[in-house]
Amino acid sequence: MRYLLFALICLLSGATLAAPAQPGKAYLSLIIDDLGQSPARDARTLALPGPVTLAIMPDTPHATDFARQAHRAGKTVILHMPMDPATGPYAWHPGTPLPELERRLDAALAKVPYAAGINNHMGSRMTSQSVPMAWLMGELQRRQLFFVDSRTSAATVAAAKAQAVDLAHVSRDVFLDDVRTPEAIAGQLQQGVALARKQGTAVLIGHPYPQTLEVLEREMPRLKSQGIEMITLRQMIAERSNQAMPAHGKRGRYANR
């Protein structure tokens, strides 16, 4: 039944169909944000084991080259879309007319080829805006892209608007590196592991900080021995079937609608 539901979601959203993960296991997906700024950090991130998703910022000097490199390496590429309070030529801000938001989205996607979806960079003010978020989800559906709500604010309505139109999406559960020390990052990773065991899945977001990469290089090869399987974002979408996790809402529906 879950697979049939996801198949319908994919048909509606245009997302590529991926078989859902097997029941009774603990699954984890990892996204690394803010890529495209440094070839050295990008290369180190690309070398991480497993199906790590690479979120590339459009207003970085190496965005296009790295997106192509990551695609050739078989990694999932997504656009890390700047949203208020982020600034710059691509950033979305409350009150900006929809045609201008569309122009900026077009320009950002052109800078990040092979993007399978998008997530928000910052966006604590923008993702709380119902009208542009609803428009975005319809637009992503038309473009056959999925959405990841980074949940930079508890007031976000982005995932709820995706759910309302059956757009393939997931929401972030754990940020790895709000505190940028190896000890804190390792602790957040273990929080993600515990959450995956408890609810079956966990979506983690980190950044290409030296401390984060150090922890991931050391700990990711150990995840399988802890009963954790890394899966792609498309597999995670299949596993969650567009349902909100308990921290994000009740009975599978997002709290902010």
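The structure is a predicted model. The protein chain averages a pLDDT of 92, and 91% of the residues score at least 70. It contains 9 helices and 11 strands. Of its 257 residues, 55% count as buried.

**Confidence**

- Residues 1–21 are the stretch to treat with care, as pLDDT stays under 50 there.
- Where pLDDT is low, the predicted coordinates should not be read in detail.

**Overall form**

- The C-alpha trace of the protein chain spans about 50 × 45 × 30 Å along its principal axes.
- The radius of gyration is 17 Å, which agrees with the value near 18 Å that a compact globule of 257 residues would have.

- Strand E3 (residues 77–83) is mostly covered, with 7 of its 7 residues buried.
- Strand E2 (residues 53–56) runs parallel to E3, and 3 bridges join the two.
- Within this pairing, Ala 55 stands opposite Ile 78 in E3.
- Between E2 and E3 the chain passes through helix H3 (residues 63–72), and this β-α-β crossover is right-handed.
- Strand E4 (residues 115–122) also pairs with E3: the two run parallel and are joined by 6 bridges.
- Val 77 has Ala 115 in E4 as its bridge partner.
- A right-handed β-α-β unit is formed by E3, helix H4 (residues 98–111) and E4.
- In a regular strand the side chains alternate between the two faces of the sheet.

**Nonpolar cores**

- In soluble globular proteins, nonpolar side chains tend to be buried together.
- The largest nonpolar core in this model has 54 residues.
- Leu 30, Leu 79, Met 81, Trp 92, Met 133, Leu 136 and Met 137 are the residues with the most contacts inside this core.
- Another core, of 16 residues, lies apart from the largest one; Tyr 27, Val 148, Leu 233 and Ile 237 are among its members.
- Which residues does Trp 92 contact, leaving aside its neighbours within four places in sequence? They include Met 81, Met 83, Leu 101, Leu 105, Met 126, Met 133 and Leu 136, and also Asp 84 and Arg 104.

- Val 157 is placed in the loop between strand E5 (146–149) and helix H6 (158–164).
- Is Val 157 buried or exposed? It counts as buried because its relative accessibility is 8%, and the limit for buried is under 20%.
- Not counting residues up to four places away in sequence, Val 157 touches Thr 127, Ser 128, Gln 129, Ser 130, Met 133 and Asn 256.
- One of these, Met 133, is also among the residues with the most contacts inside the largest nonpolar core.
- Val 157 and Leu 30 are 127 residues apart in sequence, and their C-alpha atoms are 22 Å apart in space.

**Backbone features**

- The peptide bond from Asp 84 to Pro 85 is cis, with omega near 20°.
- Pro 85 lies in the loop between E3 and H4.
- Met 122 has a positive phi of about 60°, although it is not a glycine.
- This residue, Met 122, is found in strand E4 and is partly exposed, with a relative accessible area of 39%.
- Asp 166, which is not a glycine either, has a positive phi of about 60°.
- The place of Asp 166 is in the loop between H6 and strand E6 (169–171), and at 34% relative accessibility Asp 166 counts as partly exposed.

**Helix H9**

- Helix H9 (residues 233–240) is mostly covered, as 6 of its 8 residues are buried.
- Its buried residues are Leu 233, Met 236, Ile 237, Ala 238, Glu 239 and Arg 240.
- Leu 233 and Ile 237 also belong to the core of 16 residues.
- An α-helix has 3.6 residues a turn, so residues three or four places apart point the same way.
- Just after H9, Ser 241 takes a positive phi of about 55°.

Methods:
Residues are numbered from 1 along each chain as its sequence is written. This is a predicted model: local features need pLDDT of at least 70, side-chain atom pairs count only at pLDDT 80 or more; totals for chains, interfaces and linings use all residues. Side-chain values use heavy atoms; hydrogens and water are left out. A nonpolar core is a set of buried Ala, Val, Leu, Ile, Met, Phe, Trp, Tyr and Cys residues joined through side-chain atoms within 4.5 Å. Buried means under 20% relative accessible area, exposed over 50%, partly exposed in between (1.4 Å probe, protein chains only). Contact means heavy atoms within 4.5 Å. pLDDT is the predictor's confidence in each residue, from 0 to 100. Helices (H or I, at least four residues) and strands (E, at least two) are DSSP runs, numbered from the N terminus. Two strands pair if DSSP finds at least two bridges between them. A crossover is right-handed if, with the strands pointing away from the viewer, the path from the first strand over the helix to the second runs clockwise. The radius of gyration is taken over C-alpha atoms; the globule rule is 2.2 Å times the number of residues to the power 0.38.
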